[in-house]
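Let's take a friendly walk through a protein model, going from the whole chain down to single residues. Here are its sequence and structure.

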Amino acid sequence: MDIEERLELVTRNTVEIVRPEELRELLETESRPRAYWGFECSGPMHLGMGLVCGQKMLDMVKAGFEFTILLADWYAWINNKLGGDLEKIRLAGEYFKECFQALGLRGPRVRYLWTSEVVSDPEYWRRVITIAKSASLRRVRRALPIMGRSLDAVDVETAWLFYPCMQAADIFHLDVHVACAGIDQRRVHMLARDVAEKKGWRKPICLHTPLLMGLRGPESALEGRFDEDERLDKRIRSKMSKSVAGGCIFVHDEPEEIRAKMRKAYCPAKQVEDNPVLEIARLIVFPRLGRLEVDRPEKFGGPVSYEDYGELERDFASGSLHPLDLKNAVAEALIEILRPVREKLERKPELLEVIREAELTR
């Protein structure tokens, strides 16, 4: 695979690369580039995490990266997830690992690491304090939306202020070239780059993926204000979230659950913008399967197979593809993609039972 092919894999379906020229230079000069993504162990895994983030990590591994998946148990504890119960949080992390492995993230170039392992090193805390001393309180507070906390939050626990400094420290402590996250995590990555410039540390290249819209569409599903940029704020408030009833599909959902949720999804006829069903097709189905099969009766045009997302979008925008047919096709594609997760978790029913019964909080 040449440099251009590797660049295409790494950058496809991203919102932003900071900076593209640094990424190109890395691929040209580093034989074993390193990247990481951290995931707060906070409950069930939805499509945004499992298949948008998951696909991007697979792309990078295929492009030659050594990838660390950080199971961020301490972050979930700081953020009061799962009632702050570290035993439940740890089980959620084990569930994440099982799901990611079932979706293909395994092998010699993928490693799983717990934050509870990282924090045992005194050098890690030196980096945390160095970052905290290099940033104002105002800037750290402005980064709190990375926790899912709004900018307007009044009751701020002191522990929350450690979160952005620790997340920035992870990048340097793990000695990675590329830090990956959703676009809602951009602030902490910019903090890390600024600190790196002040301290003469290597600046991380930052890769940001889109936020998958919730099934309920472009509504304010989450309360509060998460970014000064109006468009990004709207996107964060509309993103797929496990705490929004009816707004997400979990990677362990049974086929009938997926079909039922998809039937209720927001999908206005001919509307391409802010259409969560089309987003799932673009960001998940085509990168995973390379096609979308629409099985419909002859009286409605008969079966059709799409091997290009652009063609699918054009047909939907013109009205030649009905929303129900699109929903049904995407549901069946997701059922196929997620089959390995269901099969893997069938062998660990006790793990799935804990995840389903856990009280989820933001």
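## The chain as a whole

Of the contacts in the chain with a separation of 6 or more, 75% are between residues 24 or more positions apart; contact here means heavy atoms within 4.5 Å. This is a predicted model, in which local features need pLDDT of at least 70 and side-chain atom pairs count only at pLDDT 80 or more, while totals for chains, interfaces and linings use all residues. Residues are numbered from 1 along each chain as its sequence is written, and side-chain values use heavy atoms, with hydrogens and water left out.

The chain has 16 helices and 8 strands; these are DSSP runs numbered from the N terminus, with helices being H or I of at least four residues and strands being E of at least two. Its radius of gyration is 20 Å, close to the 21 Å that the globule rule gives for 362 residues, so the chain is as compact as a globular protein of that length. That radius is taken over C-alpha atoms, and the rule is 2.2 Å times the number of residues to the power 0.38. Buried residues make up 53% of the 362 residues, where buried means under 20% relative accessible area, exposed over 50%, and partly exposed in between (1.4 Å probe, protein chains only).

## The sheet

In what order do the 6 strands of the open sheet stand? The order is 1-6-5-2-3-4, with mixed pairing; two strands pair if DSSP finds at least two bridges between them. Strand 1 (16-18) and strand 4 stand at the edges with a single partner strand each, so one side of each is left without a neighbour in the sheet.

Is strand 4 largely enclosed or largely open? Strand 4 (residues 110-114) has 4 of its 5 residues buried, so it is largely enclosed by the rest of the structure. Strand 3 (residues 66-72) pairs with strand 4 in the parallel sense over 5 bridges, and Thr68 has Arg111 as its bridge partner in strand 4. Helix 5 (residues 86-102) lies across strand 2, strand 3 and strand 4, and runs at about 175° to strand 4. Such angles run from 0 to 180 degrees between N-to-C directions, with axes being lines fitted to C-alpha atoms, for helices over the stretch in contact.

Elsewhere in the sheet, strand 2 (residues 34-40) and strand 5 run parallel and are joined by 2 bridges. Ala35 has Val178 as its bridge partner in strand 5.

## Residues to look up

Asp184 lies in the loop between strand 5 (178-182) and helix 10 (186-199). Asp184 is buried, with a relative accessible area of 12%. The side chains of Asp184 and Lys239 are joined by a polar contact of 3.1 Å. A polar contact is a pair of N or O atoms within 3.5 Å; within protein, one must be able to donate a hydrogen and the other to accept it, and residues adjacent in sequence count only if both atoms are side-chain atoms.

Finally, find the cis peptide bond that joins Val18 and Arg19, with omega about -5°. Arg19 lies in the loop between strand 1 and helix 2 (20-29).
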